[in-house]
Amino acid sequence: MAAIESVLQEQRVFAPPQALVAQAKISGMPAYEALCAEADKDYEGFWARQARENLAWHKPFTRVLDETNAPFYTWFEDGQLNASYNCLDRQIEAGLGDKNAILFEADDGTVTAVTYRDLLARVSRFANALKAKGVKKGDRVVIYMPMSVEGVVAMQACARIGATHSVVFGGFSAKSLNERVIDAGAVVVVTADEQMRGGKALPLKAIVDEALAMGGCEHVKSVIVYRRTGGNVTMQAGRDEVLQDLVAGQSDQCEPEWVGAEHPLFILYTSGSTGKPKGVQHSTGGYLLWASLTMQWTFDIKPDDVFWCTADIGWITGHTYIAYGPLAVGATQIVFEGVPTYPNAGRFWEMIARHKVSVFYTAPTAIRSLIKAAEQTPAVHPKQYDLSSLRILGSVGEPINPEAWMWYYENVGGGRCPIVDTWWQTETGGHVITPLPGATPLVPGSCTLGLPGVAVAIVDETGQDVPNGQGGMLVIKRPWPSMIRTIWGDPERYKSSYFPSELGGKIYLAGDGSIRDIKTGYFTIMGRIDDVLNVSGHRMGTMEIESALVANPIVAEAAVVGRPDDTTGEAIVAFVVLKRSRPTGDEAKQLALELRNWVGKEIGPIAKPKDIRFGDNLPKTRSGKIMRRLLRVIAKGEEITQDTSTLENPAILEQLKQAQ
Ligand code: WT7
């Protein structure tokens with residue numbers, strides 16, 4: 001809440017620079033409003049026009065939106081297209097064959113340029129190799145890869161033959177990978193021997209071996225291993241093959257498989273409020289339309305731009321704004337293997353200068369940690385680098401606090417570059433609420449307004465609109481082309497998670513709290529309203545971490561909550577009751593360390609609690625419900641002012657407050 005108050009008091013508004021307005025795709029607020037009005041007047045007509053103008057269709061669609069089976073909406077359903085054709089062949093046909101599609105910078109600084117023509121040849125070879133392995137349209141392929149050209153090639157190759165990919169972030173554990181491989185029913189896993197991050201080689205293939213050995217993965221017929229480091233790996237005869245050998249004998253031509261617009265392009269697992277991750281299923285047509293359109297609307301991408309999204313392909317941001325969006329508009333983009341702090345915390349700024357990056361898209365956590373680094377080490381302050389190529393900055397993944405916003409604006413953007421604070425989710429496929437760089441006046445800390453044609457609103461528990469200035473639940477009232485289609489294999493969960501009957505069953509519930517400014521109607525996001533945490537822009541379910549903790553034989557019970565953190569946005573705090581007596585002192589420290597590592601093994605290092613506190617019990621109501629709101633207060637180190645009279649065991653609060 002502090003953030004909103006400071007914004008309202010300051011009312012610092014930053015108008016878009018005139019030069020940018022003059023040539024922007026959406027130029028000035030009247031242009032934005034005209035698009036909103038067009039969508040309002042003829043919703044289907046508006047989206048049909050966008051889909052015709054921005055995508056190449058093999059067979060044109062005649063139907064636009066079908067709401068008969070709500071909330072299982074379809075878009076452009078009888079149209080046929082291919083995502084890889086739209087990203088590659090189409091650019092070459094338009095004369096961009098020799099244009100760089102990807103400038104890959106490795107962890108050690110080595111740069112490799114890949115033109116659109118090269119990329120199409122590589123994607124085609126890989127696609128042919130997948131076909132040779134028996135992969136057919138509709139089959140699932142799990143991709144567990146480092147940030148690499150090959151990672152993007154693998155995704156595009158799946159799209160080319162109509163296989164549905166499911167990328168698993170390289171930081172997930174063997175167990176998490178095992179669960180995703182099983183849920184997706186994958187026939188192939190694509191991986192690398194190792195990944196290089198910050199000068200260190202980290203295993204990937206060994207984790208795949210471990211994951212597949214855990215059982216349930218008999219449907220996996222082949223493992224394709226990209227030789228990245230040449231590190232030692234075990235290859236299982238008949239199952240594993242080196243990618244480089246596999247593609248060497250393949251033709252560099254591969255006819256795209258034309259698929260219906262609703263064909264599942266990919267499944268991407270994300271955390272929800274219950275234990276099991278959800279396989280968010282996206283379409284081909286509606287999704288790709290969004291990837292292309294938002295590259296133009298939000299990033300105002302131009303032929304000479306050098307675009308850099310620092311996300312990993314394991315997250316939705318890396319899908320939409322690395323693997324698909326930049327290619328769908330024929331842009332040149334940077335793909336970066338490493339980390340922002342290696343060899344030093346000036347890496348991002350140095351790379352922006354070296355590659356003359358003009359549109360830069362990163363996460364608030366990265367900005368906040370680089371602010372700290374720059375304060376400590378003036379040599380890595382962005383002011384030390386030539387960042388004059390920048391024209392637009394972006395932020396994604398979590399709320400950006402006004403202080404970090406100002407620093408980013410002044411020190412990275414030199415006060416010249418609009419910041420697009422883009423609110424969206426794995427489920428939305430692409431941007432939903434965001435400023436437009438050549439139109440929207442900016443207010444630090446606000447993601448401003450919905451994109452044209454997206455019916456974002458704030459409602460109360462009964463589904464009624466709340467007035468501006470009053471907080472509520474963020475919803476989207478009409479289906480939009482790039483929305484989630486279902487949860488893979490679990491349509492019931494899709495309905496109950498996103499279209500609760502209390503809201504009428506047809507309105508998309510985002511899971512975030514939000515408030516609109518009284519005067520401007522600008523949105524400010526207040527964080528999740530469910531049991532989902534956002535740690536460094538990574539989404540984590542508290543129940544998932546709790547299940548991981550109680551899976552440890554020494555743990556009797558666990559409750560996980562979030563605590564605000566200056567750098568990571570939120571930090572994970574776990575309250576744990578052991579089967580043995582409550583540990584104290586050094587034993588508590590030792591066991592906390594063990595449990596942190598345990599969670600790292602169960603889920604992945606990103607899920608390790610920052611703080612673990614042991615108690616004899618957890619605060620519970622008489623009916624046995626854990627009172628998490630009290631734990632949140634304790635985690636923050638604040639005094640409990642709420643009513644605790646319904647507690648069965650109030651004395652436990654004192655103990656947990658002291659436990660460290
Ligand atoms: C959740 C979605 C968006 C792609 C990366 C994360 C939070 C995302 C913002 C923003 C405030 C944001 C929300 C959302 N979030 N962007 N600009 N301002 N909060 O995708 O893992 O699906 O997480 O991230 O809480 O619900 P995700």
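In strand S25, glycine 527 is the bridge partner of glycine 513. Strand S24, residues 508–516, runs antiparallel to S25 and pairs with S25 over five bridges, where pairing requires that DSSP finds at least two bridges between the strands. Six residues lie between the two strands of this hairpin, in which glycine 521 takes a positive phi near 75°. Helices (H or I, at least four residues) and strands (E, at least two) are DSSP runs, numbered from the N terminus.

## Basis of the model

The structure is a predicted model, in which local features need pLDDT of at least 70 and side-chain atom pairs count only at pLDDT 80 or more, whereas totals for chains, interfaces and linings use all residues. Residues are numbered from 1 along each chain as its sequence is written, and side-chain values use heavy atoms, with hydrogens and water left out.

## Surroundings of the ligand

There are 17 residues around the ligand, and Asp421, Thr422, Thr426, Arg528 and Arg539 come nearest; a residue is counted here if one of its heavy atoms lies within 4 Å of the molecule. This shell divides into six nonpolar, six polar and five charged residues, in a scheme where Ala, Val, Leu, Ile, Met, Phe, Trp, Tyr, Cys and Pro count as nonpolar, Asp, Glu, Lys and Arg as charged, and the others, Gly among them, as polar.

The protein covers 95% of the 550 Å² of accessible area that the ligand has on its own, with areas taken from the Shrake-Rupley method with a 1.4 Å probe. Two or more residues of the shell come from each of helix H12 (316–328), strand S20 (419–422) and strand S25 (523–528). Glutamine 425 itself sits in the loop between S20 and strand S21 (456–459).

## Annotation from UniProt

An unreviewed UniProt entry places the feature "binding site" at twelve positions written as Gly397, Glu398, Pro399, Asp421, Thr422, Trp423, Trp424, Gln425, Thr426, Asp512, Arg528 and Arg539; such annotations may be inferred rather than shown by experiment. The unreviewed entry also lists residues 97–480 as "domain: AMP-dependent synthetase/ligase". The end C-alpha atoms of this span lie 33 Å apart, and the span is 30% helix and 22% strand.

## Backbone exceptions

Most residues other than glycine have a negative phi, and most peptide bonds are trans. A cis peptide bond, with omega about 0°, joins alanine 70 and proline 71, the latter placed in the loop between strand S1 (65–66) and strand S2 (74–75). Another cis bond, again with omega about 0°, joins tyrosine 342 and proline 343, and proline 343 lies in the loop between strand S17 (332–336) and helix H13 (347–355). Phenylalanine 76 has a positive phi near 55° and is found in the loop between S2 and strand S3 (80–81).
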